[in-house]
Amino acid sequence: MIPITKLRSGSTFERQGEPWRVVTYRHVHLSRGSGTITIKARNLKNGNVRALTFRSGERIEEIDVERRVLTYLYKDGEMLVFMDPTSFEQSMLPDSVVGNATDFLAEGQNVTVLVWDEQILDIELAPKVTLTVSEASPGVKGDTVAGATKDVVLENGKSVRVPLFIKKGERIVVDTRTGEYVERASLKF
């Protein structure tokens, strides 16, 4: 058992027999008395997000999740199929648990997964991914002082707002947490 004040974003804990992962953590301390800790946590079995409130002195059961690197193979209906690259053993995870992270998965991509009791609970993507623009309308000249943008479609089918100078076939960097454009990918020689 650990004090609730030791939780941070990304920490995992057990509550009522279910594994949870902290999304956001906020500690509020008013002038007198103990502080209140409010966290937003995601249930790692079903993907539901809940706001939980604790008093400063409470303790919670921390769980150790194992991080493994698996290869994403394909999507089978509502399930994502992963393979261990050393043993070739396959595992499945419901896509509802991962949420919008499926937008950034590519077949054959190595992904870090969280495993608890030999069950895959969640995946960890890199904060940024590089994708190719598959559809882009031409930029319209005009008032560009305000940072004009346009919609493009990426190779994964996701639509993103980008600056007017981005063209079809270019590679751009996208933030996997927000799904927003970050920058044009630099060419590596």
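Analyst: Two residues are in contact when heavy atoms of theirs lie within 4.5 Å. Of the contacts in the chain with a separation of 6 or more, 44% link residues 24 or more positions apart. The model is predicted, so local features need pLDDT of at least 70 and side-chain atom pairs count only at pLDDT 80 or more, while totals for chains, interfaces and linings use all residues. Residues are numbered from 1 along each chain as its sequence is written, and side-chain values use heavy atoms, with hydrogens and water left out.

Along the principal axes, the C-alpha atoms fill a box of roughly 60 × 50 × 35 Å. Of the 189 residues, 35% are buried (under 20% relative accessible area, with exposed over 50% and partly exposed in between, for a 1.4 Å probe and protein chains only).

The sheet in question is open and is built from six strands in the order β1-β6-β2-β3-β4-β5, with antiparallel pairing (two strands pair if DSSP finds at least two bridges between them). Strands β1 (2–3) and β5 (49–55) are at the edges, and each has a single partner strand, so one side of each lacks a neighbour in the sheet. The partner of β1 is β6 (residues 59–62), joined to β1 by two bridges in the antiparallel sense. Within this pairing, Pro 3 has Arg 59 of β6 as its bridge partner.

Further into the order, a loop lies between β2 (12–15) and β3 (18–28), and Gln 16 is part of that loop. Although Gln 16 is not a glycine, its phi is positive, near 55°. Gln 16 is exposed, with a relative accessible area of 68%.

The charged end of Arg 8 is placed over the ring of Tyr 25, 4.6 Å from the ring centre (the rule requires NZ of Lys or CZ of Arg within 6 Å of the centre and within 35 degrees of the ring normal). The side chain of Arg 21 makes a polar contact of 3.1 Å with that of Asp 122 (a pair of N or O atoms within 3.5 Å; within protein, one must be able to donate a hydrogen and the other to accept it, and residues adjacent in sequence count only if both atoms are side-chain atoms).

Asp 122 belongs to strand β11 (residues 119–124) and is buried, with a relative accessible area of 2%. Leaving aside residues up to four places away in sequence, Asp 122 touches Arg 21, Arg 42, Leu 44, Val 98, Thr 112, Val 113 and Leu 114.

Elsewhere, five bridges connect the antiparallel strands β13 (residues 149–154) and β14 (residues 159–163). Asp 151 is bridged to Arg 161 in β14. This hairpin has four residues between the strands, and Gly 157 adopts a positive phi near 90°.
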